[in-house]
Amino acid sequence: QQQQQQQQQQQQQKLVFGSFPSDIQILQKPEGLLNGNLFEKSNLDLSKPANSSPYAFQHQSERGKQQQHHVGNYRETLRPPPGFSGKPRGGGGSRDFGARRNHLEHNVDKLRAEYSQLSNDTEMGLRGQFDHPGPPAGSGTDIKESLIELHRFGGGQVDEVGERIIESLLIEEESEDKNDKKHHRHEKESRLDNRGQRLLSQRVRMLKRQMECRSDIHRLNAPLLAIYESLNPPKEEKTKQQQLLASLQKLVWKEWPQAKLFLYGSCANGFGVSRSDIDICLALNEDINNKSEILLKLADILQSDNLQNVQALTRARVPIVKLMDPVTGISCDICINNVLAVVNTKLLRDYAQIDARLRQLAFIVKHWAKSRGVNETYRGTLSSYAYVLMCIHFLQQRRPAILPCLQGMEKTYNVTVDNIECAYFDQIEKLHNFGSSNKETVAQLVWGFFNYWAYGHDYANSVISVRTGSIISKQEKDWTRRIGNDRHLICIEDPFETSHDLGRVVDKFSIRVLREEFERAADIMQFDPNPCVKLFEPYVHS
């Protein structure tokens, strides 16, 4: 009986979910993995999971043969089945699990050091492209031909099993607050998205970032500009917005004579598309202890003036009053004392007036994001505001630069809001020719934008910062780990509220969706004969 118990205990140790036999070395892959026909070449680069660095599994034939008897259960233990935590239960196997985990962590640290050297070697090449645009070193024809072969035969995609192996080794499971049902639902929705399964390997991304832009890119200018014009709001729409703002201002003055209404957000920053709702901030020159009381009073005032669908949402994250104006047909949300958003709106509007290519690029990117379903923060993707910042930063990084860094110049505008200093150069009339030495067209910029976010951006270490007009490190921001529900898998610094990462809503599932969509867009812009059709093809959530 004692012998049977020992056998059961040994069997239990082998079946601990998420664990591996202690003598399997990460740097050495078994040759016979999954019938021995998936990893036939040595030094195979596997794509990294969204929130960790890519690593290479190195080949060692003799060790692989010795370990082949472990392969039968290898796939079974890649990750626990639904409902299991991946941690061992009971006394049996727990010590071995801890030893294996320490062993894995040691090898992962070793891999990180090796990959860090690889990243450093390739980073200079990327920065060189920013500083000196033009064909990459070497034969552009050779690069193009090899990439066309990859594109044609699907050789750029990493094997799904390889992705799972890396994910099982390197994704650190975070403890979740069981009471946070909203957060749990968002992650669940992200998992239901079938995308994000076939990211490119690091090797292919490094190759593709050297790719020259397609030779016929200029013929795409006309159709892309036609899309931009179709999204651009007509002047009549702006007139109606100002008309509604003026009528609401008169109503507000009856109750609060010193108050003022400001348009903010996309309807006022120059990046709003046609038929958008509008956002209004009610700025009261007084300390407010009870916003709910003021919102309810505001709702009564608005309802008495025959405005329709008036609702006071006092328990929302940002309490607002919603309404619809039957005269103009415009729907509107009114919040109280959200002055920082008003200042943010002014900054983006000033950037939009410097060079017309910013609005053209941003409208196209926002339209793409909406079509592809990656502009929904409740699903773990990015807001329209985040995409606009990404476009501004991208144009700041062009060489020659198309946009300046307004916050790095002489401060001609300076206000303090909620103890945050908001200062920058706002004499935009002096900057209208700033980017004139850069002759890139909107088609080239759309190609470059998707190429950068698909192949060029260092998701593991970099933060884009419009405030500095540069890329800064996650270490500098202390955005290297998850804190609460804030993840930092794609980092976009707010220009004024610098502790705010616009990418914090992106989780380990949706980051893969985002990156796959960037890769899809870059591929279409490079190879598709008519990219303006396929690029904006609507994605239907499964």
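Val 463 stands opposite Ile 472 in β11, and its bridge partner in β12 is Cys 491. Two strands count as paired if DSSP finds at least two bridges between them.

Before going on, a word on the source: this is a predicted model, where local features need pLDDT of at least 70 and side-chain atom pairs count only at pLDDT 80 or more, while totals for chains, interfaces and linings use all residues. Residues are numbered from 1 along each chain as its sequence is written, and side-chain values use heavy atoms, leaving out hydrogens and water.

Angles between axes run from 0 to 180 degrees between N-to-C directions, the axes being lines fitted to C-alpha atoms, for helices over the stretch in contact.

Strand β10 (residues 462–465) runs antiparallel to β11, joined by 4 bridges, and parallel to β12, joined by 3 bridges. The β10–β11 hairpin has 4 residues between its strands, and there Gly 469 takes a positive phi near 65°.

Buried means under 20% relative accessible area, exposed means over 50%, and partly exposed is in between (1.4 Å probe, protein chains only). In a regular strand, side chains alternate between the two faces of the sheet.

Contact, here and below, means heavy atoms within 4.5 Å.

**The five-stranded sheet**

Another open sheet has 5 strands in the order β3-β4-β7-β6-β5, again with mixed pairing. Its edges are β3 (260–264) and β5 (308–313); each has a single partner strand, so one side of each is left without a neighbour in the sheet. From one strand to the next, the twist averages 20°.

Inside this sheet, β4 (residues 278–283) and β7 (residues 331–336) pair in the parallel sense over 5 bridges. Leu 282 has Ile 336 in β7 as its bridge partner. Helix α9 (residues 235–255) lies across β3, β4 and β7, at about 150° to β3.

**Helices that cross**

Two packed helices are described by the angle between their axes and the distance between the axes. Here are two such pairs.

| Helix pair | Axes come within | Crossing angle |
|---|---|---|
| α12 (residues 356–371) and α14 (residues 442–456) | 10 Å | roughly 50° |
| α11 (residues 339–352) and α13 | 12 Å | roughly 40° |

α12 passes α14 in a right-handed crossing, whereas the crossing of α11 and α13 is left-handed. Left-handed means that the near helix is turned anticlockwise from the far one by less than a right angle, and right-handed means clockwise.

Who meets whom? From α12, residues including Ile 364 and Trp 368 meet α14 residues, among them Phe 449 and Phe 450. That contact divides into 9 nonpolar, 1 polar and 1 charged. In the other pair, Asn 344, Leu 348 and Tyr 351 of α11 meet Tyr 385, Val 388, Leu 389, Ile 392 and Gln 396 of α13, giving 6 nonpolar, 2 polar and no charged residues. Ala, Val, Leu, Ile, Met, Phe, Trp, Tyr, Cys and Pro count as nonpolar, Asp, Glu, Lys and Arg as charged, and the others, Gly among them, as polar.

Most residues other than glycine have a negative phi, and most peptide bonds are trans. Asn 419, in the loop between β8 and β9 (420–424), has a positive phi near 65° and is exposed at 79% relative accessible area. Asp 478 sits between α15 (474–477) and β12; its phi is about 55°, and at 39% relative accessibility it counts as partly exposed. Finally, a cis peptide bond joins Arg 399 and Pro 400, with omega about 0°. Pro 400 is in the loop between α13 and β8 (413–417).

Technical notes: Helices (H or I, at least four residues) and strands (E, at least two) are DSSP runs, numbered from the N terminus.
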